[in-house]
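Reader: I have the sequence and the model open. Could you walk me through them by question and answer?

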Number of protein chains: 2
Amino acid sequence: MRHKPEVLARNLIASTRLFRVEELQLKFSNGVERTYERLISRAGYGAVMVIALENFERAILVEEYCGGTERYELSLPKGLIEPGEDVLAAANRELKEEAGFGAKNLEHLGELSLSPGYMGQKIQLVLAWDLYPEHLPGDEPEPLRIDYIQLKELSQLIHHPSFSEGRALAALYLARDLLSQRGLFPS
Amino acid sequence: MRHKPEVLARNLIASTRLFRVEELQLKFSNGVERTYERLISRAGYGAVMVIALENFERAILVEEYCGGTERYELSLPKGLIEPGEDVLAAANRELKEEAGFGAKNLEHLGELSLSPGYMGQKIQLVLAWDLYPEHLPGDEPEPLRIDYIQLKELSQLIHHPSFSEGRALAALYLARDLLSQRGLFPS
């Protein structure tokens, strides 16, 4: 691991309801100086993404309107962790709000970043199984439609007309890989 | 597919060298109105991420200082597509600049988004193989260190102390899955 660049200056250069942009003046260990910008999310307690298994062959997707791509997209249930809430409780709450299921078993798989080059955000990945119907009201403007993805068909998601989210694809592949290692999914 | 919400208003509310933030006033088909924020990248020609295979068992990672997480991170070679450059040429150029290899074979696998809920950015995934040493000068402030990941060990990346990028993990899993389907990697 190399010596980190020295932070010569750090300034907040933009601020909105959801985002803050910070400008960093960096001096690398070889003497080169650069100006970087980084995006800071206001999601202070982090976020969670749920790979919810209907069975060991398929997982739940939810369809939601996405402001970034300005279209409806299929992805995994996800949302912000609330103050005082642990990762597994947040995952189960989001699953109930977005997909109408609770899970008797939840396992924290790890965390992923979005784009570490300019964003600090991380999302916690939670595997959920042994589902039962339970719906909680959420903050969504309209009910989400749910769908399913066969774990053996993950490579087809890259060509799906309404799926695009990289970290959701990573989460699904990781879950399939772990199930396979545990002898619960045919490798 | 549902009827998209109506955009009642669209305003640019922040602008920096790298980012623009747009505020959308949306009216959903059920009458509910909400304010969304979306982040627009200035990367007008898109971006590319390269899964470069040293052989069909391991791929190249590069270590770069990341302003978002403020640490050195391992990820796949990636960068912005230049004006007039096609996806495969951009992938090969980034591979030469960041990892010091060119590829005799390049294949476009598809595209992924970062976080479609509030970002429109997409990244093109390119599989590269039949590598040869060739270095091009890039715009990095310091040379990147290269490393390798065994494709059979992808599930361990979630616990690697300097790897975190979700779309890079998705790209590696997708590449392994495609190699496996083609009989080039043991499933």
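**A walk through the model**

Author: Of the 187 residues of chain A, 56% count as buried, where buried means under 20% relative accessible area, exposed means over 50% and partly exposed lies in between (1.4 Å probe, protein chains only). This is a predicted model, in which local features need pLDDT of at least 70 and side-chain atom pairs count only at pLDDT 80 or more, while totals for chains, interfaces and linings use all residues. Residues are numbered from 1 along each chain as its sequence is written, chains are lettered from A and ligands numbered from 1 in the order in which they are written, and side-chain values use heavy atoms, with hydrogens and water left out.

Reader: Thanks! In which order do the elements of chain A run from the N terminus on?

Author: Helices (H or I, at least four residues) and strands (E, at least two) are DSSP runs, numbered from the N terminus. On that basis chain A has two helices and 10 strands. The C-alpha trace of chain A spans about 55 × 40 × 35 Å along its principal axes. From the N terminus on, the order is β-β-β-β-β-β-β-α-β-β-β-α.

Reader: What area is buried between chain A and chain B?

Author: The size of an interface is often given as the accessible area lost when the parts come together. Buried area here is the accessible area (1.4 Å probe) that two parts lose on being put together, summed over both. The contact (heavy atoms within 4.5 Å) takes 75 residues from chain A and 75 residues from chain B. Carbon and sulfur atoms give 57% of the buried area, which is about 6600 Å².

Reader: How many residue pairs are in polar contact across that interface, and which element gives the largest share of the chain A side?

Author: A polar contact is a pair of N or O atoms within 3.5 Å; within protein, one must be able to donate a hydrogen and the other to accept it, and residues adjacent in sequence count only if both atoms are side-chain atoms. Across the interface of chain A and chain B, the rule finds 49 residue pairs in polar contact, both at pLDDT 80 or more. Elements of chain A that each supply at least two residues of the side touching chain B include β1 (6-15), β8 (101-113) and α2 (166-181). The largest share of that side, 10 residues, comes from α2(A).

Reader: How many salt bridges are counted between chain A and chain B?

Author: A salt bridge is a side-chain nitrogen of Lys or Arg within 4 Å of a carboxyl oxygen of Asp or Glu. Over all chains, the structure holds 40 salt bridges. One of the pairs is A:R10 with B:E70, at 2.8 Å from N to O. Between chain A and chain B, the count is 10 salt bridges.

Reader: A:R2 and B:E63 also pair up. Where does B:E63 lie?

Author: The side chains of A:R2 and B:E63 meet in a salt bridge of 3.8 Å, N to O. A:R2 is partly exposed at a relative accessible area of 25%, whereas B:E63 is buried at 1%. The pair crosses between chains, from A:R2 in the segment before β1 of chain A to B:E63 in chain B's strand β5 (residues 58-66).

Reader: How far apart are the closest N and O atoms of B:K122 and B:E111?

Author: B:K122 is partly exposed at 25% relative accessibility, and B:E111 is partly exposed at 32%. The closest N and O atoms of their salt bridge are 3.4 Å apart.

Reader: Is A:T69 buried or exposed?

Author: A:T69 lies in the loop between β5 and β6 of chain A. Not counting residues up to four places away in sequence, A:T69 touches B:P116, B:M119, B:G120 and B:K122. With a relative accessible area of 16%, A:T69 is buried.

Reader: Which residues have the most contacts inside the largest nonpolar core?

Author: In soluble globular proteins, nonpolar side chains tend to be buried together. A nonpolar core is a set of buried Ala, Val, Leu, Ile, Met, Phe, Trp, Tyr and Cys residues joined through side-chain atoms within 4.5 Å. The largest nonpolar core has 61 residues. Those with the most contacts inside it are A:I51, A:L125, A:L172, B:I51, B:L125 and B:L172.
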